[in-house]
Amino acid sequence: MLKFIGKRLLQLIPTLFFVSVLIFSLQHLLPGDPALVMAGEENDPAVVEQIRKQYHLDQAIPLQYVYWVKGVFSGDLGESMRIKEPVLALILEKLPVTAQLACMAIIIALTIGISAGVISAVKKNSVWDYAANVFALWGISTPNFWLGIMLIFLFSVKLGWLPASGFVPLHEDWQASLASTVMPAFVLGNAIAGILMRHTRSAMLQALESDYVRTARAKGLLERRVILKHALRNALTPIITLGALEFGTLLSGAVLTEQIFTIPGFGKLIVDAVFNRDYAVVQGVVLVTATTFIFLNLLADIAYHLVNPRLRGMA
Amino acid sequence: MTDTVLHAPLAGAAAVESPAARAWRRLRRRKGAVAGLFVIALFFLAAVLAPLIVPYDPVVQSWTAVRNAPSWMHLFGTDDVGRDIFSRVIYGTRASLFAGVISVSIALSIGIPLGLIAGYRGGFIDALLSRITDAMLACPFIILAIALAAFLGPSLGNAMIAIGITTTPVFVRLTRGQVMAVKVEEYIEAARAVGNPRWRIAIVHILPNVMPALLVQATLSIAAAIIAEASLSFLGLGQQPPYPSWGSMLNAAQRFLTTAPWMAVWPGIAIFLSVLSFNLVGDGLRDALDPRER
Amino acid sequence: MKMLKIAALALLLALVGVSARAQTTLRIGLAEDPDILDPTLARTYVGRIVFSSICDKLFDIDEKLNVVPQLALSHETAADGKAVTIKLRPNVTFHDGEKFDAEAAKFSLERHMTMTGSFRKPELAAVDHIDVVDPLTIRLVLKTPFAPLIAQLTDRAGMMVSPKAAKAEGDKFGLHPVCAGPYKFVERVAQDRIVVEKYAGYWDAKNVHIDRIVYLPIVDATVRLANLKSGGLDLIERLLATDIKAVRGDKNLRLATALELGYQGMDINVGKGEAAKGPLGQSAKVREALNLAIDRKALTQVVFNGEFVPGNQWVSPENPYYQKKFPVPARDVAKAKALMKEAGVTGRVPVDFMVPKGAETQAVAEVIQAMAAEVGIDMKIRVTEFATSLKQAEAGEYQAFLLAWSGRTDPDGNIYIFDKCKAPQDYPGYCNPEADKLLDQARIPSDPAARMAIYEKLTKILLEDHPKLYLYHRRILIAHTTRLEGYKQMPDGLVRVVGLKLK
């Protein structure tokens, strides 16, 4: 087991290296000059040249990469060219926001996904199966920005029940916080619910045909007890680990949803930075979220191996 | 009583059924997948027959008929420069379906060979490809797509390339996994012992076994690619005006949600129906091709 | 006895409750997140909106675009135009308590002129040095006479910063700006909000009635309006023209408008690289044909419900510097086609039309495309994101480029950096020595009538050469709740907060 963990930890290093190269080169290959973008309307060649020098933009790209990596190792992720705030400070500022949104989204996703998956598996090929299917799938079938706009129109403008945008932190006012995050969390959670439903369904199907369930049925237990206590419990592990993985995706993937609902999280930060060519911000945030994602992956793998004795032998 | 007892086929009948026919039979049983196939066929038909069935030219503007509500003249209403939305949705089928199918084709054509090589050869090549794949999967998909599309330049074609490239890692990983599971089978070792070259074994023996899983994933990826095209167009990086795609229509409709909601509703429904159909078919395929079912 | 004590306490509490008002907060919705809040380093239009509450300037403008005092009381230009003496307002303090005097003014101006990365340098380029005459008077000594100087001092170049804070923070000053405006900076959460609160020591504090202002950037215009309607915001900027009807129909909302100082138009590449070599770039007749093919009235009608104003010069028809001799042309397809023939064009003319990403720009581009097609010009629209479009405009990788300029108080600010040969924003690559001469001449006289005469000659040249096609002028559209009283909109688009009351 330890050998397995060790090997996987070692694999992290080249992966992270590739992540850094990938995101760095993508930024710098983008057409457009960040110094020009910063200047915008106030274009003056002398000033633009000054800015380029200040941020090493006049150096060769591999050299700029080295500057950046050196900074990362000493804890300095650079600063936003646009507002001059250090990237690390920005990340720490946005982390609770995105984390709160991600948690709520996962809870919603698990609720919808697991129940739909269970129903779909138990009532296979019946009307309930298809209904549960469609119910869970419509989340990934709608563009989340469209769904978001429709929800705002309905719940904020027409009904006035929920605020149209903005974010209130949990510790400030928990009711307002829930009100401001329930719509975006629903939009995000919906999309993941579909994936969770699929896995729940196939895990449940597998569990329902397994020996211990057959034994439980032979013993004469109530069907509901069989489903919930025996089948579901064993199917739950891979689902939870998948949930953890999706959490990692949520940390960085809520770009359009945050844009529509004006939630000041990572997603909005990254996409604005891409369009403003604020290199340091994109590189810093993606590096952090990618690292988190890879770690969560690793944890999920370890958990999976611990739970599944058959796989323990394989490295 | 469970299905296993009541519907066991006669032993003789099962033996003569080909794998494809068996898959088709099982697929037909899942009504959702059948409905999905039907809808997809309709959309493809609409895309192919578009010039013949649209009542108006989708790019012709009419400045006196700006933002008209749906009526007999214009079934879905008109947009912000007076174009007929029904015609644009039909024509948009081309862009959106095309985007879905082409991007996934790109992903398949890069991903399968890479996955085969990584899975079959193993060793350093495998390690290298796997780490790169992991790195790509760790970066947020939409950011990679935006960056690539911005780099290549705004157009539908470039958006398809961007989505195709960012979808590739999924197929690399899937192919690799399947290859690794299959390559230790006895018939592979037998083929090798007889002297077959590696590439022949890969294509003739391994690939067919990998196909079912790839087919399922491809269908699901087309669904995701249609949404991705809509997202990129929403951000201005996809289909260029005045040609329609469902995503760019949603982009234009955003300002008029309260004053002309029909501009957003119809393209949204079109995306929803097509993506849902691909998802249902993909799920149905997974069930149909599942080796555990009979 | 106990009852008496309780009663006394209750009465006291009631009195306190009655006299203590609730804090009033004005919530303003911005169309984007401002950049750095440092007047020397800032460049966005939306940043100026925030500055109008925290950083006072030497001068301000009224709705007729006249210069009025703010931190300075008066200005006097020497006879030869090479020196400007400014008298400052006494008893003014910065938010950190430091005195505002001639030394502080000199420091602020020199910071704008010399700091690394300062975007104010070109605005104050004519200033050679600054003399402190007495604690409340400074004299700006110029290299050459420069009439637009005072207008520059009504904008960011005239914003005064606390020398103590600026020296301490350097280029991080923008993270906690300390100026001399009616409100002082409290906090900023990037892309979330900017909070400012009333500064008790403001020189005009008796006219400041609202305690706090919170600026909330909300990019989507529909969501911004939804927030205003549902009561989440009190004032929003950049309302969409197509939403005006909704605001007018809502009895809880009011519209405040003014015609903008800038313009919306199209750059045509006439001199930069390969792209300029097409018929459009080479022939003024073809450009005039395109100009006549566009029905500006129909354009504003279709895309903006007729709320915006057609234009054909670099200032709006309501601006005192507008040349009435050259009115906005009506659409004339026949003449346009004739001009195309005269220019020797055979077949259709393809044009690479770069359009920056934006809610309304795409619709404008599509209408222009349809109009131009009728005279034989095929505009191929290429929606490009902002950063890329800047780069490509600079490099001349376009043939037509739809753009907007937010506008400056002085007409020179709308034309010099665009049409002077090799000027930084001369994206068309336009070089006409005659025009250059007139541009420089117009900067010298302080008498508006003299400048008008020079600009008349310039207008004639520019309307023949057409390096730019001016299309229309936007109305600044601010919508606010009826609970907000005293709000008036100025043409520069800023949200001025002194004198406002919130019920």
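The report below goes from conventions and confidence to chain C, its sheet, the interfaces of chain A and some backbone details.

## Conventions and confidence

This is a predicted model, in which local features need pLDDT of at least 70 and side-chain atom pairs count only at pLDDT 80 or more, while totals for chains, interfaces and linings use all residues. Residues are numbered from 1 along each chain as its sequence is written, and chains are lettered from A and ligands numbered from 1 in the order in which they are written.

The pLDDT is the predictor's confidence in each residue, from 0 to 100. Chain B averages a pLDDT of 83, and 93% of its residues score at least 70. Within chain B, the lowest confidence is in helix H1 (residues 3-6), with a mean of 42, and the highest is in helix H5 (residues 85-121), at 91. The pLDDT is below 50 over residues 1-14 of chain B, a stretch that has three contacts in the model beyond near neighbours in sequence; two residues are in contact if their C-beta atoms, placed from the backbone, lie within 7 Å.

## Overall form of chain C

Chain C has 16 helices and 21 strands, where helices (H or I, at least four residues) and strands (E, at least two) are DSSP runs, numbered from the N terminus. The radius of gyration of chain C is 25 Å, close to the 23 Å that the globule rule gives for 503 residues, so chain C is as compact as a globular protein of that length. The radius is taken over C-alpha atoms, and the globule rule is 2.2 Å times the number of residues to the power 0.38. Along its principal axes, the C-alpha trace of chain C spans about 105 × 55 × 35 Å.

Of the 503 residues of chain C, 53% count as buried; a residue is buried if 20 or more other C-beta atoms lie within 10 Å of its own, exposed if 12 or fewer, and partly exposed in between, with C-beta atoms placed from the backbone. Among the contacts in chain C with a separation of 6 or more, 69% are between residues 24 or more positions apart.

## A mixed sheet in chain C

Six strands of chain C form an open sheet with mixed pairing, in the order E14-E18-E13-E17-E15-E16. Its edge strands are E14 (309-310) and E16 (377-384), each of which pairs on one side only; two strands pair if DSSP finds at least two bridges between them.

Strand E13 (residues 263-268) of chain C is joined to strand E18 (residues 468-473) by four bridges, the two running antiparallel, and C:Met266 has C:Leu469 as its bridge partner in E18(C). E13(C) is also joined to E17(C) by six bridges, again in an antiparallel arrangement, with C:Gln264 opposite C:Ala404. By contrast, E15(C) and E17(C) run parallel and are joined by two bridges, and here C:Met354 stands opposite C:Phe401. E17(C) is mostly covered, with five of its six residues buried.

Helix H13 (residues 386-395) of chain C lies across E15 (349-356), E16 and E17 (400-405), and runs at about 130 degrees to E15(C). Here axes are lines fitted to C-alpha atoms, for helices over the stretch in contact, and angles run from 0 to 180 degrees between N-to-C directions.

## Interfaces of chain A

The contact between chains A and B takes 37 residues from chain A and 37 residues from chain B. On the chain A side, the largest share, nine residues, comes from H1(A), and the residues of this side divide into 27 nonpolar, nine polar and one charged. In this classification Ala, Val, Leu, Ile, Met, Phe, Trp, Tyr, Cys and Pro count as nonpolar, Asp, Glu, Lys and Arg as charged, and the others, Gly among them, as polar.

Towards chain C, 42 residues of chain A are in contact with 38 residues of chain C. The largest share of the chain A side, five residues, comes from H3(A), and by class this side has 19 nonpolar, twelve polar and eleven charged residues.

## Backbone details

A cis peptide bond, with omega about 5 degrees, joins B:Pro241 and B:Pro242, and B:Pro242 is found in the loop between helix H10 (198-234) and helix H11 (246-253) of chain B.

A:Thr262, a residue other than glycine, has a positive phi near 50 degrees and is placed in the loop between H11 and H12 of chain A. With 25 C-beta neighbours inside 10 Å, A:Thr262 counts as buried. C:Arg238 has a positive phi near 50 degrees and is placed in the loop between strand E11 (235-236) and helix H7 (244-248) of chain C, where, with 19 C-beta neighbours inside 10 Å, C:Arg238 counts as partly exposed.
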